[in-house]
Amino acid sequence: MHLTLHLTARCNMRCRYCYAAPHVGCDMTWEIARSAVDVAVRLSGRETPNQGTGIIFFGGEPLLRRDLIKRTVEYCGEVSARTGRSFHFKLTTNGSLLDDAFFDDPSTSEVFVALSHDGIPEAHDANRITPQGTGTFSALRPKIDLLLSRRPYAPVMMVTTPSTVRHYAESVKFLFKCGFRYLISSLNYGSVWGPGELRELKRQVYRLARWYEGCTDREEKFYFSPFDVKMASHVFPGSCRRDRCELGRRQISVAPTGRLFPCVQFVGDGSESEYCIGDVETGIDEGRRQSLYFANAEEKRECAGCAIRERCNHFCACLNRQATGSIRRVSPLLCAYERMVLEAADKIGERLFRKRSAMFIQKQYNELFPLISLAEDQTLAQSMCER
């Protein structure tokens with residue numbers, strides 16, 4: 001069970017595509033955070049007794065509530081000592097408030113950090129701006145170096161919009177050159193994409209395919225979500241279905257008010273009555289939770305008979321609702337993008353397999369590769385420190 005705590009609706013940036021706007025409103029209280037952890041522990045104990053509980057700090061900008069992050073981590077430590085339940089922590093941040101103190105503080109030193117960043121200045125500053133309307137690239141560039149010096153495996157999450165699509169490939173390459181090796185890429189599905197933008201998107205996807213193949217030929221270790229997910233769906237049929245959106249089952253979001261939702265994008269967007277599945281005081285409304293889950297799990301009419309539906313992300317409730325207003329209807333943009341990426345990924349995979357690329361085969365066919373790679377990196381780092 002993963003619990004996402006929306007610590008605040010406030011943010012010190014005004015990203016133009018942000019689904020969490022407006023950036024004002026209430027902050028989560030300590031009492032709500034504590035009750036939310038208790039709810040997650042009860043659910044985890046019943047549904048995943050042999051797994052830990054994941055706590056994700058979200059916003060707004062969660063580092064505006066560093067006090068609550070520390071107190072929540074400390075409380076989870078008390079719960080762990082009392083019950084034996086383990087916890088792991090993640091923070092999704094715009095990066096502007098990261099500093100050495102956060103990484104050095106014993107209460108937050110083990111929090112996994114994911115950075116939201118859109119790449120080169122032309123892409124990042126087009127949408128990720130201050131309240132005064134200025135770009136934030138220059139201010140965040142040193143934060144990237146700080147983050148990767150303290151968390152070398154931190155992922156970066158980027159969003160591409162119609163206005164920045166021509167910078168898609170260069171932005172990915174830039175973030176890779178900065179040192180990120182886990183790159184999570186998505187589109188702004190809430191925007192209107194015209195035929196011209198879609199043609200440019202396909203061109204960018206194939207530029208990224210050439211980059212991906214070149215990096216793999218050079219035996220670079222990295223993960224680029226659009227291609228690696230599709231390659232996994234070929235090597236391990238059914239992996240997309242196994243990892244598909246399980247709306248409200250494996251992840252629950254807690255609004256600052258304490259109300260519970262099945263996903264992050266339903267918090268604070270006016271969907272309180274339609275998608276609320278309980279609150280931290282009374283717990284989960286299981287009837288409502290199951291109803292939403294099965295509504296999302298139904299095969300979409302647009303996907304009936306589609307040859308790639310088992311390898312497609314069409315089941316994501318948030319993306320479908322963002323684009324179409326309904327969790328039951330598939331976004332035409334999502335459909336088009338999935339076909340582009342799948343076609344490119346299969347071509348790359350076929351070429352790399354024919355070349356018997358050692359990195360490709362290890363990465364895609366050896367399920368233990370992430371652990372082996374991590375052990376290799378740690379051994380190398382230790383040997384360099386001893387020199």
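How many of the 387 residues of the protein count as buried? The share is 52%, where buried means under 20% relative accessible area with a 1.4 Å probe, protein chains only.

Before you start clicking, note that this is a predicted model, in which local features need pLDDT of at least 70, side-chain atom pairs count only at pLDDT 80 or more, and totals for chains, interfaces and linings use all residues. Residues are numbered from 1 along each chain as its sequence is written, and side-chain values use heavy atoms, leaving out hydrogens and water.

**First stop: the sheet.** Switch to cartoon view to see 15 helices and 11 strands, which are DSSP runs (helices H or I, at least four residues; strands E, at least two) numbered from the N terminus. An open sheet of 11 strands is ordered β7-β6-β5-β4-β3-β2-β1-β8-β9-β10-β11, with mixed pairing; two strands pair if DSSP finds at least two bridges between them. Select 223-224 (β7) and 283-284 (β11): these edge strands have a single partner each, so one side of each lacks a neighbour in the sheet.

**Second stop: β4 and β5.** Residues 112-116 and 156-160 run parallel, joined by two bridges. Look for Ser 116 opposite Met 157.

Select Phe 227, which, along with Phe 224, touches the most other members of the largest nonpolar core, a group of 101 residues. Such a core is a set of buried Ala, Val, Leu, Ile, Met, Phe, Trp, Tyr and Cys residues joined through side-chain atoms within 4.5 Å.

**Last stop: helix α14.** Within residues 358-365, Met 359, Phe 360, Lys 363 and Gln 364 are buried. Viewed down the axis of α14, its buried residues fall within an arc of 105° (taken from the directions from the helix axis to the C-beta atoms), so they line one face of the helix.

Definitions and conventions: Buried means under 20% relative accessible area, exposed over 50%, partly exposed in between (1.4 Å probe, protein chains only).
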